[in-house]
Amino acid sequence: GVTRDRVYVDCEWQNYKFTVIDTGGIDPTSDDPLLSQMRRQAEIAIETCDVILFFVDGKAGVTADDQSVADMLRKSGKPVMLVVNKVDNIRMMNDVYEFYNLGIGDPIGISSVNLLNFGDLLEELCKHFPDPDAEEEDVGAIQIAVAGKPNVGKSSLVNRLLGEERVMVSDIAGTTRDAIDTRFTEDGQDYILIDTAGIRRKRSIEYQSLERFSIVRALAAIDRCDVALMVIDATQGVTEQDSKIAGYIDEQGKAAIIVINKWDAIEKNTGTMNEYVAKVREELKFMAYAPILFISALTGQRTNQVLETVRKVYEQASRRITTGLLNDILADAQAALQPPATSGRRLKIYYATQQETNPPTFVMFVNDQTLMHFSYERYLEKQFRKAFGFDGTPLRFILRERQKKEET
Ligand code: GDP
């Protein structure tokens, strides 16, 4: 129960989204309240948090414990808000002034029971957060990179995707020479095909002479995309060059779909597709998360599934898991399979939080990161995928250590 004895609540107030961690506080009757309670639980919370709400008891007045906690919080370097609780009515507001003596800023008197002054408290609290409206990203259009070596059928696929039935909105001049992004809409969803100029104008002589620069351009397209289509020629299977491109997509943390093109040119019997899947999975092991599509850009077979899959994969890569749920799954995973131990010391994962999306990135607070094994990280990834999906996107894990001297 290491992770479950803290309580997390994901909150939203006036567009601000934040997580409140309840540390359980200090038991004043315990022999060594600071060491036994604060150090175990509050430390992690303090390390993780952006703001500390320091709760004191307005009825009890300033105590010696308050003073020691205030000293400790001051040392943390984090912003501290001094919250005087149990100020149950306006008449008691005068009692908060003595808390100025803690030297930790202006006390805010509130009543948790009567919800007195909560608006003021939240307003003060949210001043510590970035403006939520300023953070708004352009989530409108999904940017797609069509990646693959020459002649696998990239331009044929692009032509299919940009078929007449779709409304072409515009060609947007890109950042590099003759890179052109194409924006279009399907089923109410906007897409941008990145750098299709090279592909679409391919037959021009000028482009041919630029072919050797195309690798740079292809990599730049992958850098910019939300979802990469890794196009492979079915008649050739996965070649070394394909693996390299796929490796780059994975390294960049991009959501990906493996598109096996020219499926029309393959002789098939009942087991062919399954065998092909097994072979591709074996050869692109690191991309096990990517769905595989078998298409023919030439005949249009299953090309209608491409954008559908792009959309799904993008949604998965953009998922945000609440802190509470994440830590429940983490606790279950650790209960089902103990973390690894080396020379009698066992890895402890105290707490995890999702730091980012695209790709989903998780920060895990641990006692000692050298105790983490690759295989255990793979196990956790599997459990996360089982619980949350994340089809089509790589996951990232970042380990943060608590300082060694704080271990017990
Ligand atoms: P790119 O270099 O990756 O853009 O490839 P292209 O789209 O120019 O296609 C290269 C060659 O493969 C052309 O001769 C296409 O007609 C052919 N091709 C593309 N897609 C398919 C397909 O689905 N099936 C078959 N049989 N040929 C295809």
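This is a predicted model: local features need pLDDT of at least 70, side-chain atom pairs count only at pLDDT 80 or more; totals for chains, interfaces and linings use all residues.
Q: Which residues come nearest to the ligand?
A: N151, K154, S155, S156 and D264 come nearest, out of 17 residues around the ligand. Residues are numbered from 1 along each chain as its sequence is written, and side-chain values use heavy atoms, with hydrogens and water left out.

Q: What does S156 do there, in terms of distance to a ligand oxygen?
A: A polar side-chain atom of S156 is 2.6 Å from an oxygen atom of the ligand. That is a polar contact, meaning a pair of N or O atoms within 3.5 Å.

Q: And how far is D264 from the ligand nitrogen?
A: The distance is 2.7 Å, from a polar side-chain atom of D264 to a nitrogen atom of the ligand.

Q: Which backbone atom lies 2.9 Å from a ligand oxygen?
A: A polar backbone atom of A297.

Q: How much of the ligand does the protein bury?
A: The protein buries 79% of the 580 Å² that the ligand exposes when taken alone. Areas come from the Shrake-Rupley method with a 1.4 Å probe.

Q: Which helix gives the largest share of the shell?
A: Helix 4 (residues 154-161), with 3 residues. Helices here are DSSP runs of H or I with at least four residues, and strands are runs of E with at least two, numbered from the N terminus.

Q: Switching to rings: how many aromatic pairs are there?
A: The count is 15. Rings of Phe, Tyr and Trp (its six-membered ring) pair if their centres lie within 6.5 Å; planes under 30 degrees apart are stacked, over 60 edge-to-face, and the rest tilted. F184 and Y191 are a stacked pair, 5.4 Å centre to centre with 20° between the planes.

Q: Are those two buried or exposed?
A: Both F184 and Y191 are buried, with buried meaning under 20% relative accessible area, exposed over 50%, and partly exposed in between (1.4 Å probe, protein chains only).

Q: Why is the F384 and F397 pair called tilted?
A: Because the planes of F384 and F397 are at 55°, with the centres 5.7 Å apart. F384 is in helix 12 (residues 374-388) and F397 in strand 17 (residues 396-401), 13 residues apart. F384 has 0% relative accessibility and counts as buried; F397, at 14%, is buried too.

Q: Which aromatic cluster holds F384 and F397?
A: One formed by F362, F384, F388, F390 and F397.

Methods:
A residue is near a molecule or strand if one of its heavy atoms lies within 4 Å of it. A polar contact is a pair of N or O atoms within 3.5 Å; within protein, one must be able to donate a hydrogen and the other to accept it, and residues adjacent in sequence count only if both atoms are side-chain atoms.
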